[in-house]
Amino acid sequence: MKITDAKVVVTSPGRNFVTLKITTDEGVTGLGDATLNGRELAVVSYLTDHVAPLLIGSDPHRIEDTWQFLYRGAYWRRGPVTMAAIAAVDVALWDIKAKVAGLPLYQLLGGASRERVRTYGHANGRDLPELFDSIRARLAEGYKSIRVQTGIPGLKAVYGVHSAPDAANPTRLDQRVRPHVEDWDTDAYLRHIPGVFEAVRNEFGPELPLLHDAHHRLTPLQAARLGKELEPYKLFWLEDCTPAENQEGLRVVRRHTTTPLAIGEVFNTVFDYQTLVQEQLIDYVRSAVTHFGGVTPLRKLFDYAAQYQIRSAIHGPEDISPVGMAAAVHLDLAIHNFGIQEYSGHTDLTNEVFRHAYTFSDGHLHPGEAPGIGVELDEELAAAHPYAQGYLPVNRLQDGTVHDW
Ligand code: GCO
Ligand code: MG
C-alpha cells in the first residue's frame, strides 16, 4: 500500500480548522487534525510545502517510522507548528491502519479499558447568579464534572467568561483583525476566587467534581497560595497555575498545597514534562493529540506518567476539531491511567462538516464502532466555509503591561 495524496483542508464553520487528508493507492483515506488556534496557516504551509511531498509513495502502515522520519529528519525539532503537523500525519495513518483492519482505532491501541470516557464541561458567569445558571445548564446537559470560571470585580473581560454580546460569536469580529485585549489584576483574582468556590460548594454540595483553569497567570508563590486557599473546597484540579515552562517552579507550588495540579495543554513533547513527571509535581498531563505529535507520542507520555500515578486529561477545547477529538476519545478508552477528558462540543455546522461516530451522553463520551477514528469530512461543505483570519486574545495589566493570557 502506498500514499498517493496528502492534502490540507482549511475550513471555518464558525472557527478555523485545519485537516490533513491522506489518500492511498487502495482508495483508503485517513484524516488528521492540525489546528493551531490563531496560527493555523503556519501549519498549513508546514504540511503542504514540507511534509506532503515526503509522504507521496511511502507505506502508510509504517506509523512509527514515519513519525521518527518527520521528527528527527527535519533536524529542527519540537514546537507547536512542527508537532501539530506531525500529529496530523500520525492520526491520519492510524485512521488508515484501523480502517484496513476493519476496527475502531481503540481496538488497535489495546482495546477498551473502560465502558465509556468521563468528561468535564465548562461553566462560567460574570457574577455568581450567572455562574450558578451556567453550572445548572451543564448539569442538565449531563455533565458530571464542571470547570468553573468567573468574572473578577473590576475587570472587564477575563479568560473563560463570555461577555454577553459575544456569546453567539465564537470568533469575535474584532479579533479577526487584531487580537482582542483583555485586562488582568492578579491580586483582584486571588481575593475573589476562594469566595466563588465557597459559594459554589454551598449551592451544589460536596460531591460535584469542580475544576478551575488559572490559564498560566500566576507566579509559583501566588499559585501556592491559591492552591492552599482552595483546599477546603476539594477541587478535582487547579489547571495551568503557572506558565510552567519553568518546570522547577512547580516545586514551590507542590510543597505548599494538596490541591491536585493539571498542566500541559501548550506542551508538545515529553521533554516539557520531564521534571514535572519525574518529581511528581503534577497529577494530570493535559496535552492534546493535535499539539503533541499525535497518538503515537501521547500514548508514550501516558505510559511514562503512569509509572508515577499521574493520569491523562486530554485537552479538548472547541479549537480541537472533531478529528482531533475522535483520536483523543479512542486513546482515552484504551489507556489504563485515564483521568478525565475535556469536552466542549462543537456547533451543529461543525458536526455536519465533520460527521463523527463518537457520541456524548450522560456526561460521557464513547468513540463508537466505526472503523478508523470514525470521522468523515464533507469537503463540499468545508469549502463553503473558507478560512477566516482570527486571533486569540491578549492580556494586559491595568497599567498596560502585557501579561500571560
Ligand atoms: C482549555 C484551554 C483553552 C485554550 C484554547 C486556546 O483549558 O480548554 O485553556 O480554553 O485557551 O484552547 O486555543
Ligand atoms: Mg486550559
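Of the 14 residues around ligand 1, those that come nearest are Tyr-159, His-215, Glu-239, Glu-265 and Glu-342. The model described here is predicted. The protein is divided into two domains, domain 1 (3-103) and domain 2 (108-371).

**Ligand 1**

- The side chain of Asn-37 has an N or O atom 2.9 Å from an oxygen atom of ligand 1.
- For His-215, an N or O atom of the side chain is 2.8 Å from an oxygen atom of ligand 1.
- His-315 also has a polar side-chain atom by ligand 1, and this atom lies 3.3 Å from an oxygen atom of the ligand.

**Magnesium ion (ligand 2)**

- Three residues supply the protein donors of the magnesium ion: Asp-213 (OD), Glu-239 (OE) and Glu-265 (OE).
- Along the sequence, the spacing of the donor residues is D-x25-E-x25-E.
- Asp-213 is in strand 7 (residues 210-213), while Glu-265 is in the loop between strand 9 (261-263) and helix 9 (274-278), so this pair ties together parts that are 52 residues apart in sequence.
- Asp-213 has a relative accessibility of 3% and therefore counts as buried, because buried means under 20%.
- Glu-265 counts as buried too, because its relative accessibility is 10%.

**Domains**

- The C-alpha centres of domain 1 and domain 2 are 26 Å apart.
- Contact between the domains involves 34 residues of domain 1 and 34 residues of domain 2.

**Nonpolar cores**

- The largest nonpolar core has 111 residues, and within this core Ile-22 and Leu-47 touch the most other members.
- Helix 3 (residues 80-101) gives the largest share of this core, with 12 residues.
- Both domains take part in the core: domain 1 (3-103) and domain 2 (108-371) each provide at least three residues.
- Leaving aside residues up to four places away in sequence, Ile-22 touches Ile-3, Asp-5, Ala-6, Val-28, Thr-29, Gly-30, Leu-55, Val-89, Ala-92, Leu-93 and Ile-96.

Notes. Residues are numbered from 1 along each chain as its sequence is written. Chains are lettered from A and ligands numbered from 1 in the order in which they are written. This is a predicted model: local features need pLDDT of at least 70, side-chain atom pairs count only at pLDDT 80 or more; totals for chains, interfaces and linings use all residues. Side-chain values use heavy atoms; hydrogens and water are left out. A nonpolar core is a set of buried Ala, Val, Leu, Ile, Met, Phe, Trp, Tyr and Cys residues joined through side-chain atoms within 4.5 Å. Buried means under 20% relative accessible area, exposed over 50%, partly exposed in between (1.4 Å probe, protein chains only). Helices (H or I, at least four residues) and strands (E, at least two) are DSSP runs, numbered from the N terminus. Domain bounds come from an automatic or database domain assignment. Contact means heavy atoms within 4.5 Å. Donors are N, O and S atoms within 2.8 Å of the metal (3.2 Å for Na, K and Ca); water is not among the atoms, so sites may look incomplete. A residue is near a molecule or strand if one of its heavy atoms lies within 4 Å of it. A polar contact is a pair of N or O atoms within 3.5 Å; within protein, one must be able to donate a hydrogen and the other to accept it, and residues adjacent in sequence count only if both atoms are side-chain atoms.
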